[in-house]
Amino acid sequence: MELITCLLIWVTLAVLFIILEISCPTLISIWFVLGAITSMVAATQEISFLGQCAIFVGSSTVFLIATRPFVKSLKIQKVPTNADELVGMEGLVQIPVDNIKAEGRVLINGIDWAAKSTHGNIIPAGNIVVVDRLEGVTIFVTKKPAQNE
């Protein structure tokens, strides 16, 4: 295979892996970027394309093994958002929460939220619920026990 073709292949792969790395919140493809760069160097030394592929796999693996302990030691902190404050808050069921029918609306601080039941049970309108978690724009709720229960 021609040198220009090989270099074009490895540059393209490196750019694609860089785009993938940038688009993901965790390190998943940086090792492949380094492997592609190593294979570009191998291409300039007129190593066969099959050899370049072997160098890509081998160097990516070496980079992964060499940096894995460092990457595992990184503490990535979750940044709380305003929506995370919903957890533990109480709301009023406006439209009955029914996971099977994919229905349910809960009003919290004047804002209407799509809701699902955490435990899968139907929660009728008018009940007070507690937010257990938030997934996307859907809250998962549990019916608040009555004070006299």
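Two strands are taken as paired if DSSP finds at least two bridges between them, and helices (H or I, at least four residues) and strands (E, at least two) are DSSP runs, numbered from the N terminus. The structure is a predicted model, in which local features need pLDDT of at least 70 and side-chain atom pairs count only at pLDDT 80 or more, while totals for chains, interfaces and linings use all residues. Residues are numbered from 1 along each chain as its sequence is written, and side-chain values use heavy atoms, with hydrogens and water left out.

Five strands form a closed barrel in the order E1-E2-E3-E5-E4, with mixed pairing. Direction ignored, neighbouring strands of this sheet are turned against each other by 50° on average. In general, strands of a sheet pair through backbone hydrogen bonds, either parallel or antiparallel.

Strand E4 (residues 128–135) pairs with E5 over 6 bridges in the antiparallel sense, with Val 141 in E5 as the bridge partner of Val 131. The hairpin of E4 and E5 has 2 residues between the strands, and Gly 136 takes a positive phi near 70° in it. E1 and E4 are also antiparallel, joined by 3 bridges, and Glu 90 finds its bridge partner in Val 130 of E4.

Lys 144 lies in the segment after strand E5 (138–143) and Glu 90 in strand E1, so the pair ties together parts that are 54 residues apart in sequence. A search of the whole structure finds 3 salt bridges.

Turning to the helices, helix H1 (residues 3–23) and helix H2 (residues 30–44) pack at an angle of about 170°, with their axes 8 Å apart. H1 is therefore roughly antiparallel to H2. Axes are lines fitted to C-alpha atoms, for helices over the stretch in contact, and angles run from 0 to 180 degrees between N-to-C directions; angles under 35 degrees count as roughly parallel, over 145 as roughly antiparallel, 65 to 115 as roughly perpendicular and the rest as oblique. Residues in the contact (heavy atoms within 4.5 Å) include Trp 10 and Phe 17 of H1 and Phe 32 and Met 40 of H2.

The axes of H1 and helix H3 (residues 49–73) come within 11 Å and cross at roughly 25°, which means that H1 is roughly parallel to H3. Here Cys 6, Ile 9, Trp 10 and Phe 17 in H1 meet Phe 49, Gln 52, Cys 53 and Phe 56 in H3.

Terms used:
Salt bridge = Lys/Arg side-chain N within 4 Å of Asp/Glu carboxyl O.
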